[in-house]
Amino acid sequence: MSPSSSAPAESLPLGEWYRSAARDLPWRRADFRRDFGAWGTLVSEFMLQQTPVNRVIPHLDAWLARWPTPRALAAASPADVVQQWANLGYPRRALWLHRAAKEITERHAGVVPRDVEALLQLSGIGDYTARAVAVFAYGDRHPVVDTNTRRVIARAVLGQAQPGPPSRHDLERMDALLPDSDHESAVFNAAAMELGATVCVARAPRCEICPLLETCAWVAAGRPETEDTRRRQATFEGSDRQARGAVLRTLRNAAPDSVPLVGVLPDWPDPLQRDRAIDSLIGDGLAEADGELLSLPR
Ligand code: SF4
């Protein structure tokens, strides 16, 4: 279905549902917005990119307590940043966030920019995060599309069990559904995500409590099974990611000291994989080698 043939916004009555059913998450609270502004939104979106909400919340609190502004984070050392990221996973995000904080400090006088194009110029910020900051922090009207939104649109509008691969049509489809007012469009963006995260979930959608049940195209079509083109999550156990995480944990535990290279995971079952992990961490700037010693980046 082309974006122009998407259902009109009034056929997706999500605003009222969102106001009564949305989870009470820190970044949605007034005091969080007051205390941390767009910086809080940006940090939370970085953390939420690949980490579940429940694991993010305590780390977000600690991070913002330590670095409540871009300027504060920009002044931190890379080692402190990687240390504080702890076990949130995909630790390159910590370095990108650090770089973004420096860029915000240098180019934007310490104020997170509002313009999507300016946000896209910052390290580690892609289309989703740039739009999320412009919409959720500044209240501007843009389509924001994450995995959950794509699934809701696939089912409620397109009548498919699962979304196809990400494409430029995702933003166009969401744009066609947005209410006209800035405020209501921000609510609609958040509501579509929330519905996908809590009701229209991937495996067993809870249609019986869904505010879209009466109009859902997939339900109306008899819930046909359509091709599932989602990428499978690679197994963590035994992966290079697991080895990288273990090396980084060793360095965090030893910090601020270095660790002799021979002392890094000496019993790891696959020494080649361990060495590959060390090399890739150094390549990513997450670890630093000095002769026979390895440490967090200085
Ligand atoms: S009715 Fe079911 S399939 Fe349709 S949007 Fe709601 S939860 Fe998803």
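## Close-up views of a predicted model

**View 1. Helix α8 and what sits around it.** The buried residues of α8 are Thr129, Ala130, Arg131, Ala132, Val133, Ala134, Val135 and Phe136. This is a predicted model, so read every panel here with that in mind. Helix α8 runs over residues 127–137, and since eight of its 11 residues are buried, the rest of the structure largely encloses it. Who does the packing? Those buried side of things is handled by α2, α7 (116–120), α10 (169–177) and α11 (182–198), which the buried residues of α8 pack against. Helix α3 covers residues 53–66. Its 14 residues, at 1.5 Å each, should span 20 Å, and the end C-alpha atoms do lie 20 Å apart, so the two values agree. Which residues of α3 are buried? They are Val53, Val56, His59, Leu60, Trp63 and Leu64. The cover over these buried residues includes α2 (30–48), α4 (70–74), α5 (78–85) and α6 (92–107).

View 2. The ligand sits in the largest cavity. Around the ligand you'll find Arg155, Cys200, Pro205, Cys207, Cys210, Leu213, Cys216, Trp218 and Val219. Sorted by class, that shell comes out as eight nonpolar residues, no polar ones and one charged. Arg155 is one of the residues in the shell, and arginine counts as charged.

**View 3. Alanine 234 in its loop.** Look for alanine 234 in the loop between α12 (217–220) and α13 (240–254). Is alanine 234 buried or exposed? Its relative accessible area is 65%, and exposed means over 50%, so alanine 234 is exposed. Serine 280 is 46 residues away from alanine 234 in sequence, with 18 Å between their C-alpha atoms.

**View 4. Phenylalanine 236 in the loop.** Phenylalanine 236 also belongs to the loop between α12 and α13. With a relative accessible area of 40%, phenylalanine 236 is partly exposed. Leaving aside residues up to four places away in sequence, phenylalanine 236 touches Arg241 and Gln242. Arginine 131 is itself among the buried residues of α8.

Note on methods. Residues numbered from 1 in each chain as written. Predicted model: local features only at pLDDT ≥ 70, side-chain atom pairs only at ≥ 80, totals over all residues. Heavy atoms only, no water. Near = heavy atom within 4 Å. 1 Å grid on protein atoms, 1.4 Å probe; cavity = no way out; pocket = protein on both sides within 12 Å on 5 of 7 lines; lining within 4 Å. Sits in = over half its atoms within 2 Å of the grid points. Helix = DSSP H or I, 4+ residues; strand = E, 2+ residues; numbered from the N terminus. Expected span 1.5 Å × (residues − 1). Buried < 20%, exposed > 50% of the residue type's maximum accessible area, 1.4 Å probe, protein only. Contact = heavy atoms within 4.5 Å.
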